[in-house]
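Welcome! Please take a moment with the sequence and the 3D view below, and then we can walk through them together.

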Amino acid sequence: MAMGRIHSWESMGLVDGPGIRTVIFLQGCRLRCRYCHNPDTWELCGGGTLESPEETVNRLMRFKPYYGADGGVTFSGGEPLLQKEFLTEVLALCKSRGIHTCLDTAGVGCGGYGEILKNTDLVLLDVKHYTPEGYQAVTSRSMDAYEEFLDAVQSMEVPLWLRHVVVPGITDTEEECEALGRLIAPWHNVVGLEMLPYHTMGIVKYEQLGLEYPLKGVPAMDKGR
């Protein structure tokens with residue numbers, strides 16, 4: 001049995017997939033996005049609590065009456081795909097007990113995603129940038145692993161709900177939005193797109209961890225725009 005290292009739970013999530021959802025934040029992330037607001041989830045072995053898949057699903061079953069026809073569980077992070085063995089087991093258990101499953105991911109895990117995706121009802125995928133150069137500038141990583149995951153999602157035809165953070169001076173130009181549209185237009189399994197306004201609520205976490213905030217001085221994105 002694979003143990004999962006869990007950062008935290010949110011019992012009444014309303015913005016991480018359809019309906020009312022339990023959101024489980026897993027430890028670990030290889031990206032270092034300039035606008036990340038959860039730096040406390042970066043370290044795979046730092047912080048969090050260990051749980052077995054069975055323990056996790058037993059807790060989820062207590063919330064199941066609230067899910068209704070549309071809700072369920074969303075595994076987020078950090079990057080949930082880094083905990084491949086745990087995620088594979090816990091998703092299979094969720095499906096066996098009738099819980100709708102969703103992954104909130106940047107698509108940068110350990111490869112071999114078939115067993116994970118066959119028990120995933122919806123993927124919330126962060127689209128960081130539309131070019132390899134822009135992706136590197138935003139995340140400090142190559143785009144290769146992300147493209148591998150995207151190919152797997154499309155080949156298995158898992159519904160794809162896209163999310164894109166709009167940051168002043170970085171991803172908010174008309175050229176950026178048009179290029180993003182051209183990028184996703186051929187993707188056949190897209191069921192939604194969210195343009196998320198950049199916010200500065202994560203700054204306090206950087207201060208508490210003694211880290212320098214990468215976008216210091218960049219204002220929050222105007223939601224109206």
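Is Cys 94 buried or exposed? At 0% relative accessibility, Cys 94 counts as buried, where buried means under 20% relative accessible area, exposed over 50% and partly exposed in between, with a 1.4 Å probe and protein chains only.

Before going further, a word on what you are looking at. This is a predicted model, in which local features need pLDDT of at least 70, side-chain atom pairs count only at pLDDT 80 or more, and totals for chains, interfaces and linings use all residues. Residues are numbered from 1 along each chain as its sequence is written, and side-chain values use heavy atoms, with hydrogens and water left out.

**Cysteines**

Searching the whole structure gives zero disulfides, a disulfide being a pair of cysteine sulfur atoms within 2.5 Å.

| Cysteine | Closest cysteine sulfur | Distance between sulfurs |
|---|---|---|
| Cys 45 | Cys 110 | 12 Å |
| Cys 94 | Cys 102 | 12 Å |

Cys 45 counts as exposed, at 67% relative accessibility.

**The sheet**

Eight strands form an open sheet with mixed pairing, in the order β3-β1-β2-β4-β5-β6-β7-β8. At its edges are β3 (49-51) and β8 (190-197), each pairing on one side only. On average, neighbouring strands are turned by 30 degrees against each other, direction ignored. Strands here are DSSP runs of E with at least two residues, helices are runs of H or I with at least four, and both are numbered from the N terminus; two strands pair if DSSP finds at least two bridges between them.

Strands β5 (residues 101-105) and β6 (residues 122-126) pair in the parallel sense over four bridges. Within β6, Leu 124 stands opposite Asp 104.

**Helix α6**

Helix α6 (residues 174-184) has Glu 176, Ala 179, Leu 180 and Ile 184 buried. Seen down the helix axis, these buried residues fall within an arc of 125 degrees, so they line one face of α6; the arc is that of the directions from the helix axis to the C-beta atoms. The face turned away from the buried side carries the exposed residues Glu 174, Glu 175 and Arg 182.

**The core**

The largest nonpolar core has 54 residues, and Phe 75 and Tyr 146 have the most contacts inside it. Such a core is a set of buried Ala, Val, Leu, Ile, Met, Phe, Trp, Tyr and Cys residues joined through side-chain atoms within 4.5 Å.

Definitions and conventions: Axes fitted to C-alpha atoms, helices over the stretch in contact; angles between N-to-C directions.
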